[in-house]
Protein chains: 2
Amino acid sequence: MGMNESMKALSDPVRRHILEKLKAGTRTAGEIAADFDLSNATVSYHLKLLKQAGFISEHKEKNFIYYELNTTVFEDILRWLHRLGG
Amino acid sequence: MGMNESMKALSDPVRRHILEKLKAGTRTAGEIAADFDLSNATVSYHLKLLKQAGFISEHKEKNFIYYELNTTVFEDILRWLHRLGG
DNA sequence: ATAGTATTTAGATACTTTTCTAAATAGAGT
DNA sequence: ACTCTATTTAGAAAAGTATCTAAATACTAT
């Protein structure tokens, strides 16, 4: 975690779209992948980066992996942006 | 401009540092470059990206180019972050 | 045990970004 | 006009990121 990892994570449109989707509620990896014209492997890679940056967390259930949004991480970024231009 | 350009611009630590420096007041390209262990050409490249994304603006005076922070661009990003996690 | 589904990991390739050096531009002062 | 300083642009090399396909893992259900 840290500012750099967070900002890098948010710098890709696919990853921002994933977060927006998860804002509406928990989703499985497959449901998330279905939104994109990308292989599941690629979406899995993006999920991994978001998870590493702390934006999402996962839990297994049956043979699905559910992802959910983790809002606490946004605070540092918001603080930084507010200090600069908010 | 647009979300993608803004986020990409903020995704690099050098560029974030430049914005922080400019928060304290207008600076010339040279003064900004002096903060980094990078060539002036490289810093100039980062300034160009920040300018294109609308985060900074420039004006010439003698043979210096002064850069200054442009806070209005932060609003879209703040809105997006607030909607998601704020 | 086997077969099927969901997802990730590995390795390769293509693309993008960052950085450098050298050359170009522009303006200031002599 | 010439020289000096400030800065940018061009082109190339290096590093980093996104993507794919194929193989691996893990769990379910028969």
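**Chain B sheet and the A–B interface**

Three strands of chain B form an open sheet in the order β1-β3-β2, with antiparallel pairing. Strands here are DSSP E runs of at least two residues, helices are H or I runs of at least four, and both are numbered from the N terminus. Two strands pair if DSSP finds at least two bridges between them. This is a predicted model: local features need pLDDT of at least 70, side-chain atom pairs count only at pLDDT 80 or more, and totals for chains, interfaces and linings use all residues. Residues are numbered from 1 along each chain as its sequence is written, chains are lettered from A in the order in which they are written, and side-chain values use heavy atoms, without hydrogens and water.

**Sheet of chain B**

- The edge strands are β1 (27–28) and β2 of chain B, and each pairs on one side only.
- β2 (residues 56–61) and β3 (residues 64–69) of chain B pair in the antiparallel sense over 6 bridges.
- In this pair, His59(B) stands opposite Tyr66(B) in β3(B).
- β2(B) and β3(B) form a hairpin with 2 residues between them. Lys62(B), in the turn, has a positive phi of about 55°.
- β1(B) and β3(B) run antiparallel and are joined by 2 bridges. Arg27(B) stands opposite Tyr67(B) in β3(B).
- In a regular strand the side chains alternate between the two faces of the sheet.

**Helix on the sheet**

- Helix α4 (residues 40–52) of chain B lies across β2 and β3 of chain B.
- α4(B) runs at about 120° to β2(B). Axes are lines fitted to C-alpha atoms, for helices over the stretch in contact, and angles run from 0 to 180 degrees between N-to-C directions.

**Interface between chains A and B**

- 23 residues of chain A are in contact (heavy atoms within 4.5 Å) with 23 residues of chain B.
- The two chains bury about 2200 Å² between them, 71% of it on carbon and sulfur atoms. Buried area is the accessible area (1.4 Å probe) that two parts lose on being put together, summed over both.
- Arg16(A), Leu81(A) and Leu84(A) supply 27% of the area that chain A buries against chain B, more than any other three residues.
- α1 (3–10), α2 (13–23) and α5 (74–85) of chain A each supply at least two residues of the side of chain A that touches chain B.
- α5(A) gives the most to that side, with 9 residues.
- Between chain A and chain B there are 0 salt bridges (a side-chain nitrogen of Lys or Arg within 4 Å of a carboxyl oxygen of Asp or Glu).
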